[in-house]
Amino acid sequence: MVTPVLRQAAEQLHADELQRLSAADQQSGAELPPGWLRSPRAVRRFILGDEALGISRKFYGDDSLVDRAIVTLLGRQGLMLVGEPGTAKSMLSELLAAAISGDSQLTIQGTAGTTEDHIKYSWNYALLLAEGPTLRALVGSPLYQGMSQGKLVRFEEITRCPPEIQDVLISLLSEKQMMIPELGEAGQLPARPGFNLIATANLRDRGVHEMSAALKRRFNFETVRPIGDSEFEVELVLRQLQRELGENAPVKVERDVIGLLVTVFQELRAGSTREGTAIKAPEAVMSTAEAVSVAYAGALEARYFGDGRLTPAELARQLLGVVFKDNRDDAKRLRHYLDSVVRERARRDANWKCFFDACKGLWD
Ligand SMILES: Nc1ncnc2c1ncn2[C@@H]1O[C@H](COP(=O)(O)OP(=O)(O)O)[C@@H](O)[C@H]1O
Ligand SMILES: [Mg+2]
């Protein structure tokens, strides 16, 4: 019996696919870069999909970005994924680490409270007192482990750390070794082949401009953009929704209803309608990830409180509650969008009418 968990790591969730990709590598005699579990081509297929091998597509959008990311990881530079929240930076870094190192768990989460210890190492104090500074007493950070095992390390939200803490990485990345002065002669940990760093940074946080120039030079920057193609996004939201609801979820979800949700998100994100009319974009994050959570919450509402069919009315309730949490100006912007754009569409389309009426009902 396997105990259910809320979320599996990518290497567990996609274990079958990863195995097939390894087998395909072996069959074709593909060359593996030092320290990598799979060939760069296999890594690419894992992320972008391959019908023949039964590999699902996981990242939608800019395929060449994935290629460049893989090439960066082959080289001496680290990879820095920057972008708005919810653009799949974390997902991409997890998938890369799972496919390349078979382990996406060597992760440091950047916060205002991140210290040098979190990046390098700390001590088991009981052992430290008992036997002094030994390798046994040392508690390596995820980065320490990645260096010693030759694996990719993920550094999430790096710009949330104070810049002086970020700078601890400079010497680690340029010298590819960690010094542990307490261990004396033996205190030198060289990084094994396969080690590299994937960092992510949100443009809404403190931002990358405060990162030191010296550290910036150790990374190749890639900007991850929101999905532009609405068909893609509808597809993605539908698929994620099905996955989150489970295989035989008794909620009926029509493509057109998700289409409406994606249109609303894309228009508010872009500050312009499909027809090209300018509207005021809210400050709230209108990412695909948010669209998925709105759809998911709406589907649960439909299942437990409705008739098992997801309609634009549930979406309207979730959208107002979830996305426009605490910003009065955003509420005004949404109101303007409703009155000028949605009202017009509601005259001609039943789904838009349902959405409009529900929003209006909540507002009045
Ligand atoms: N281009 C995309 N391709 C696939 N999934 C995406 C894409 N953009 C957003 N998503 C969805 O959004 C979710 C949240 O992404 P996440 O990696 O947490 O974003 P970030 O780290 O950029 O804030 C992903 O797990 C995925 O479901
Ligand atoms: Mg993230």
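**View 1. Helix H5 in the shell around ligand 1 of the predicted model.** Helix H5 contributes three residues to the shell around ligand 1, and this is the most that is given to that shell.

**View 2. Polar contacts of ligand 1 with the protein.** At tyrosine 60, a polar backbone atom lies 2.6 Å from a nitrogen atom of the ligand, while at methionine 91 a backbone N or O atom is found 2.8 Å from an oxygen atom of ligand 1. Glutamine 240 takes part through its side chain, a polar atom of which is 2.9 Å from an oxygen atom of ligand 1. Considered alone, ligand 1 exposes 560 Å², and the protein buries 84% of that area.

View 3. Ligand 1 takes up the space of the largest pocket in the predicted model.

**View 4. Residues of the shell around ligand 1.** In total, 15 residues surround ligand 1, and the closest of them are Tyr60, Gly86, Lys89, Ser90 and Met91. By residue class, the shell around ligand 1 is made up of eight nonpolar, five polar and two charged residues.

Note on methods. Residues are numbered from 1 along each chain as its sequence is written. Chains are lettered from A and ligands numbered from 1 in the order in which they are written. This is a predicted model: local features need pLDDT of at least 70, side-chain atom pairs count only at pLDDT 80 or more; totals for chains, interfaces and linings use all residues. Side-chain values use heavy atoms; hydrogens and water are left out. A residue is near a molecule or strand if one of its heavy atoms lies within 4 Å of it. A polar contact is a pair of N or O atoms within 3.5 Å; within protein, one must be able to donate a hydrogen and the other to accept it, and residues adjacent in sequence count only if both atoms are side-chain atoms. Accessible areas come from the Shrake-Rupley method with a 1.4 Å probe; for residues, only the protein chains shown count as cover. On a 1 Å grid over the protein atoms alone, a cavity is a set of points where a 1.4 Å probe fits but cannot get out, and a pocket is an open set with protein on both sides within 12 Å along at least five of seven lines; lining residues have an atom within 4 Å of a point. A molecule sits in a cavity or pocket if more than half of its atoms lie within 2 Å of its grid points. Helices (H or I, at least four residues) and strands (E, at least two) are DSSP runs, numbered from the N terminus. Ala, Val, Leu, Ile, Met, Phe, Trp, Tyr, Cys and Pro count as nonpolar, Asp, Glu, Lys and Arg as charged, and the others, Gly among them, as polar.
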